Amino acid sequence: MKSIDVLVKEHEEISKLLDRLEVECIKILEGSSIDYPFFEASIEFIRDYADKVHHKKEEDILFKYMVEELGGAAQKLIQHGMLVEHQLGRHYITELEKHLNEYESNGDVHDRLQIISYTMAYVNILRMHIEKENSVVYPFGENNLACGTKELIEEETKERLSEDEKISERKEELLKIIFK
Ligand SMILES: [Fe+2]
Ligand SMILES: [Fe+2]
């Protein structure tokens, strides 16, 4: 399915950000100062691309049809697994932002520790999540959804992709800051 290829490709882009975030945490551990423009750009990329573009596409299209059509196993996998992990990721980013702001105003070492902790919590959960989707969740949908449903998913994904185009310019600007 083309729509699944799109999601896998988005995972590749998100994974590059995860690797970059890990490198930044190591730099901080080794004594570098906090690079606020880097974290601001990363948080905007996570919210507007990883979450609004990628996770919402899964939630609104593929996962919605899997829950409707594939019964208990799909419901458990998605509602108690994937969606919970999306929420946890959002929570980690909220906490990261809070500790960045606090560290900027107070310079407290506890906030510095939490910046590293929440960044790595996000990196670790997303890496595990992406691996599970690529190897289990997407193939489960692709192998079991009815042909008519797959056609609907392809159509809705296509429409969504033209919506996603609207943020492509901003996305490129953010990537330049993140990977400078
Ligand atoms: Fe997901
Ligand atoms: Fe995903």
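This is a predicted model: local features need pLDDT of at least 70, side-chain atom pairs count only at pLDDT 80 or more; totals for chains, interfaces and linings use all residues.
Residues are numbered from 1 along each chain as its sequence is written, chains are lettered from A and ligands numbered from 1 in the order in which they are written, and side-chain values use heavy atoms, with hydrogens and water left out. Local features need pLDDT of at least 70 and side-chain atom pairs count only at pLDDT 80 or more, while totals for chains, interfaces and linings use all residues.

**Helix α4**

Helices are DSSP runs of H or I with at least four residues, numbered from the N terminus. Helix α4 spans residues 109-144 and has 36 residues. From first C-alpha to last it reaches 51 Å, close to the expected 52 Å (1.5 Å times one less than the number of residues). A kink of about 45° is centred on glutamate 133, the bend being the angle between axes fitted to the seven residues ending at a residue and the seven starting there.

**Cavity and pocket**

Both are found on a 1 Å grid over the protein atoms alone: a cavity is a set of points where a 1.4 Å probe fits but cannot get out, and a pocket is an open set with protein on both sides within 12 Å along at least five of seven lines. Lining residues have an atom within 4 Å of a point. A volume is the space filled by probe spheres set on the points, which are joined across faces, edges and corners. There is one cavity of 30 Å³ or more.

| Item | Volume | Element giving most lining residues |
|---|---|---|
| Largest cavity | about 50 Å³ | α2, three residues |
| Largest pocket | about 270 Å³ | α1, six residues |

The cavity is lined by Ser3, Leu7, Lys57, Ile61, Leu62, Ile153 and Thr157. Elements giving two or more of these residues are α1 (2-29), α2 (36-69) and α5 (147-164).

The largest pocket has 14 lining residues, and Glu10, Glu13, Tyr49, Leu161 and Lys171 lie nearest its centre. At least two lining residues each come from α1, α2, α5 and α6 (168-178).

**Salt bridges**

The model has 19 salt bridges (a side-chain nitrogen of Lys or Arg within 4 Å of a carboxyl oxygen of Asp or Glu). One of them joins glutamate 24 and lysine 27, at 3.7 Å from N to O. These two residues are about one helical turn apart because they lie three residues apart in helix α1.
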